[in-house]
Amino acid sequence: MTTSVALPSEEVKGKIIGKEGRNIRAFERAAGVEVIIDDTPGSIQISSFDPIRRQIARVALEILIEDGRIQPAKIEEAVEKARAEINKTTKEKGEQAAYECGVFNLDPRVVAILGRLHFRTSYGQNVLQHSIEMAHIAGMIAEEIGANVAVAKAGALLHDLGKAVDHEVPGTHVEIGRRLLQKFDADPRVIQAMQSHHEECPYE
């Protein structure tokens with residue numbers, strides 16, 4: 001739930017806090033995170049349930065530290081710049097994953113949500129990397145048993161899609177993933193494969 005940001009010196013902590021705490025308040029408001037400044041030398045913590053917000057805040061803070069001028073107007077600017085950068089990264093990561101797995105014809109919005117998993121970990125593993133590995137394994141198994149390789153790969157690549165937004169949408173990640181794919185008109189066979197990776201749904 002936290003991301004650590006390295007600081008070049010201890011004086012930077014004072015700049016981040018600002019006069020009567022106005023900088024830290026402006027930053028927390030703009031980025032939607034909590035900033036934890038304690039006695040730990042050379043670093044501060046960014047706290048949020050949302051991994052994307054944490055990354056945006058981390059990038060924004062690094063931009064501000066490098067610039068040296070930390071003030072409310074600059075904070076807004078840095079957060080917007082960081083948001084654009086992270087959105088671009090999630091889109092690229094989703095496209096790379098789909099291309100690497102040979103999964104085509106996905107709605108671009110699904111691909112962008114998939115890319116968000118690059119910033120999510122589960123049991124210490126990067127969820128996007130895990131999804132790519134599952135797609136390759138599912139494709140091999142499908143080929144061995146004469147099942148539909150394209151459907152198996154797509155279902156496996158998207159099996160944890162709900163984890164990209166499970167901190168902001170109610171329901172299990174399986175339910176959320178199913179609703180997302182239905183919303184964006186995914187192939188019903190892919191939805192059937194995706195939702196069957198836990199015991200919530202029958203293995204059809």
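In this predicted model, three elements build an open sheet: 3 strands arranged in the order β1-β3-β2, with antiparallel pairing. The edge positions belong to β1 (2–6) and β2 (34–36), each of which has a single partner strand, so one side of each is left without a neighbour in the sheet. From one strand to the next, the twist averages 30°. For the pairing of β2 with strand β3 (residues 43–47), 3 bridges are found, again in the antiparallel sense.

Turning to helix packing, two packed helices are described by the angle between their axes and the distance between the axes. For helix α4 (residues 72–101) and helix α5 (residues 108–116), the axes come within 7 Å and cross at roughly 100°. As angles of 65 to 115 degrees count as roughly perpendicular, α4 and α5 are therefore roughly perpendicular to each other. On the α4 side, the contact is made by T90, K91, K93, G94, E95 and A97, while α5 contributes V111, A112, L114, G115 and R116. The residues of this contact divide into 4 nonpolar, 3 polar and 4 charged.

The largest pocket has a volume of about 520 Å³ and is lined by 20 residues, of which A138, V151, A152, A193 and S196 are the closest to its centre. Three helices, α6 (127–145), α7 (149–157) and α9 (188–194), each supply at least two residues of the lining. The largest share comes from α6, with 6 residues. Sorted by class, the lining of the largest pocket comprises 12 nonpolar, 6 polar and 2 charged residues.

The second largest pocket holds about 260 Å³ of space. Of the 16 residues that line this second pocket, F104, N105, L106, A154 and V190 lie nearest its centre. Helices α7 and α9 each supply at least two residues here as well, so that both elements take part in the linings of the two pockets. In the second largest pocket, α7 gives the most, with 3 residues. The lining of the second largest pocket divides into 10 nonpolar, 2 polar and 4 charged residues.

Notes
Residues numbered from 1 in each chain as written. Predicted model: local features only at pLDDT ≥ 70, side-chain atom pairs only at ≥ 80, totals over all residues. Heavy atoms only, no water. Axes fitted to C-alpha atoms, helices over the stretch in contact; angles between N-to-C directions. Helix = DSSP H or I, 4+ residues; strand = E, 2+ residues; numbered from the N terminus. Parallel < 35°, antiparallel > 145°, perpendicular 65-115°, else oblique. Contact = heavy atoms within 4.5 Å. Nonpolar A, V, L, I, M, F, W, Y, C, P; charged D, E, K, R; others polar. Pairing = 2+ DSSP bridges. 1 Å grid on protein atoms, 1.4 Å probe; cavity = no way out; pocket = protein on both sides within 12 Å on 5 of 7 lines; lining within 4 Å. Points joined across faces, edges and corners; volume = space filled by probe spheres on them.
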